[in-house]
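Here is a short tour of one protein–protein interface. Have a look at the model first, and then we can go through the contact together.

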Amino acid sequence: MTDPRHEKEQQKHRLNEPEGDEIDVTRMHLGLTREHGEPHEGYEPMPLWLPTLIVGLLVWAGYYIGRYGGTFDANSYDPVTIEEGAGSGNGASQGSPMDRGKNVFVSTCVSCHQTNGEGVPDQYPPLAGSSVVTGDSKKLVQIILHGLNGPLVIGGKRYDGSMPAWAGTLDDAQVADVSTYIRKSWGNKGDEVTPDQVKAIRAATSGRGQPWTAAELGLPH
Amino acid sequence: MMSRGILMFFGVLATYISALFGINLIPKFMLERVRPEGTMLPYAYTEQELRGRRVYVREGCVYCHSQQIRAKQNGSDMERGWGQRPTVAQDYVHDSPVLLGTMRTGPDLANIGVRQPSDDWHLKHLYNPRITSPGSIMPPYPWLFMKQGEYDRGMTLDLPQEFAPEAGAQVIPTQEALDLVAYLKSLKRNYKVEGLK
Amino acid sequence: MPQTGTAAPTEYDTTEVDRSTRWPVTVLYMSALFWLLVGTVFALIASIKMHMPDFLGDYAFLTFGRIRSAHLNAVIYGWSSLGTIATLAWLVARLARVPLRGGIALLATAALWNLGVLLGVVQIMAGNMRGSEWLEIPTPIPVLFLAAFVPVIWVSLKTFAQRKIQSTYVSQWYLFGATFWFPAIYVVAYLPVYQGVPQAAMNWWFAHNVLGIWFTPIGLASAYYFIPKIVGRPIYSYYLSLLGFWALALFYNWNGSHHLVGGPVPTWLMTASITASVMMVIPVAAVAINHHMTMKGHFSLLKTSPTLRFIVFGAMSYTGVSLQGSMQALRNVAQITHFTHHTVAHSHMGMYAFFTMTLFGAMYYILPRILRVEWPSAPAIRWHFWLTALGIGIYVVGLTIGGFFQGLALNDPARSFQSITDEMIPYLELRSVAGVLIAIGHVVFAISCVRLLKRAREGLFS
């Protein structure tokens, strides 16, 4: 394919491309003065598939707006949002205690105790393999409700931090579910905690305005 | 030819105006009438929370943290425990600038005040996120803290050895750090939204 | 050696036209280049911080949130906007076939605009930013940009009014649109009347339109000018040009709200933007066919013309990024890609692989003509092209894939957040490698430009 016009064009453009550092004055001016005229439009017709595509897209747009248009309203969210009832303040009431407990756990506990329940060395004690978690459920619920302050020994390691109180955030069912979840996860083998148990403990300790210490609960410290 | 130019001008103007109204001004006027109803919060921010919010904006937290909880169909925000319900326009009536965010290099913070109420955790996390969250890629904010001696407010941060500025030195949060933590703790979406259904 | 005693094949004397743009365009381009280099350094720091979070961790002004915004504003308002204005000025004169009228006023534009970017970037790094993406620069600095834009409108309209040719070429339509649209969206975006969710709607209307109806029109105007210019044949079809322009004007404006997909935004608003985003297929297809059919049979010119190589790379990226954008806007896709590095890859494909590469192409053509000297080194141009093309290629492919996995993992509640962070580290490291390649490319380009200027000075004074 040696179109002579094509060859010539190529040559022209090679002139635009300098080589190395040599400056040849004539060549330089060639590069500058030789260019094609200012561009203008040709009048080829559109390929037929383009209008076809456009019609197809417009039909699709009609469908999409019909399907997802919603109402022309400020509170018109994607359908499922409304079904889930943006109305309930504390949702997630379906599923088994373990599922619900996991939801509470990933929401409120992981930032310290981590997803794997291992805690953070020297900072936050592990829940996995912890006797405080799997032991007396009353002490565990008391800690979750009101928090824990000061030194505590878990698995032979000493921690000196403070856990916040959750009594104001979590209801009885949530405390029960999350207790059940951590007592039965990561190889832990504890029994379930029921909302009624939590309710009783909450009532019994309702006057308490500050976190526990390990000493108060008779835990190693 | 001039008529062509005028035609073009009006075309360019019309397309601009259509979108200006369509996706900017109409939503604005429509959503501005949305107000929390009945017993619903959100409450306005306190002075301190607003100061903290300015620190949040200043340090560009919004570039890695969103503040919105999406419905189940759009992602697993709620299964992740980031919130118990999708957020709606009413939740943001007090926000300017609004900090919805478009990136989740870090977790969503729309409900962080419920999820992590501990001052101590937040302060350590801000001083160096790897103290509380090993493997985190969040930047440290040591300029929100001072070494004891330079500053005194009767409150020190109990840092692990490896993160302390020098052996034995105590670190004290500045007012800005406390403001920022106050703001983060104010981010709660545990109230009911009424008038939706 | 071929002799050319013949007159230049252009139908008028380009020398005078090019000379009239010499000072403003050179100053605008060189200050744009300065911001490109500054923005690149910021970008590298930000990128490294994403996988080495304690890197430079003690300096408040370099913290990720600030340096990222400084990067964005340096490259958007510094590099891209100054480059846009320079290209616009040169194209306006060339298309009208008359010297730029009042071009010297553009030096004031350059001065005010650069001052604005400088103050803006310094304010952001000092911690004074507004908290809306793409609108970080605090008031009253935007007034400088608006003042700087007055001469742009004035010069381009005045030059257009004196044009020596009846028909108006498609590039001119885009230039005209951009000249009107940018100040129109910028003013509205800074009105202090937004709060809550409507502010987010405004924010994305603006941010998406800065790309859509400010940079894109100039990128397309350049492609529409340089492809037929270098190939030496008319642009394929006037009808496609017409369709491409008006469909863009109609649909691109409506893009933006899909950045809030799933958020606390009315369904109808998201649907409007998603539909408009998909409709963008129409102008993109029209432009792509038009450019492709004009190039057809002349692709070998890519080897010899550096301008064409950059411009065609840019034009192809435009098609790619736009089609990807249309797809990504759909709810089902956004469900995965929203909030991930996928979006970051997408925006860099638009602003870099399309716009910046096109701008490089335009600079390679324009600068030697207005300065009347040739580029000093062909290998340097080749290095520049391959380093940046490879760099942005790695960047986009890496983060597109990484972001996709990130989105899948985020949607899987069984995956802990930390494990997702860990999974992303290799992609973020790859991004830094890509960034280094791009940065070297920019240094090579800057050296070429400095040597070109030196030559021009020798030429002018000898």
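How much area do chain C and chain B bury between them? In this predicted model, the two chains bury about 6,200 Å², and 65% of that area lies on carbon and sulfur atoms. In residue terms, the contact draws 83 residues from chain C and 70 residues from chain B.

Polar links cross this interface too. The rule finds 22 residue pairs in polar contact between chain C and chain B, with both residues at pLDDT 80 or more. It also finds two salt bridges across the interface. B:Arg130 forms a salt bridge with C:Asp54, where the closest N and O atoms are 2.9 Å apart.

Which helix gives the largest share of the side of chain C that touches chain B? That is helix α6 (residues 196–231) of chain C, with nine residues. By residue class, that side of chain C divides as follows.

| Class on the chain C side | Residues |
|---|---|
| nonpolar | 43 residues |
| polar | 28 residues |

Finally, a word on confidence in chain B. Its pLDDT averages 87, and 89% of the residues score at least 70. In chain B, helix α2 (residues 47–58) has the highest confidence, at a mean of 96, while strand β1 (residues 145–147) has the lowest, at 86.

How values were computed. Residues numbered from 1 in each chain as written. Chains lettered and ligands numbered in written order. Predicted model: local features only at pLDDT ≥ 70, side-chain atom pairs only at ≥ 80, totals over all residues. Heavy atoms only, no water. Contact = heavy atoms within 4.5 Å. Buried area = accessible area lost by both parts, 1.4 Å probe. Salt bridge = Lys/Arg side-chain N within 4 Å of Asp/Glu carboxyl O. Polar contact = N/O pair within 3.5 Å; in protein donor to acceptor, adjacent residues only side chain to side chain. Helix = DSSP H or I, 4+ residues; strand = E, 2+ residues; numbered from the N terminus. Nonpolar A, V, L, I, M, F, W, Y, C, P; charged D, E, K, R; others polar. pLDDT = per-residue confidence, 0-100.
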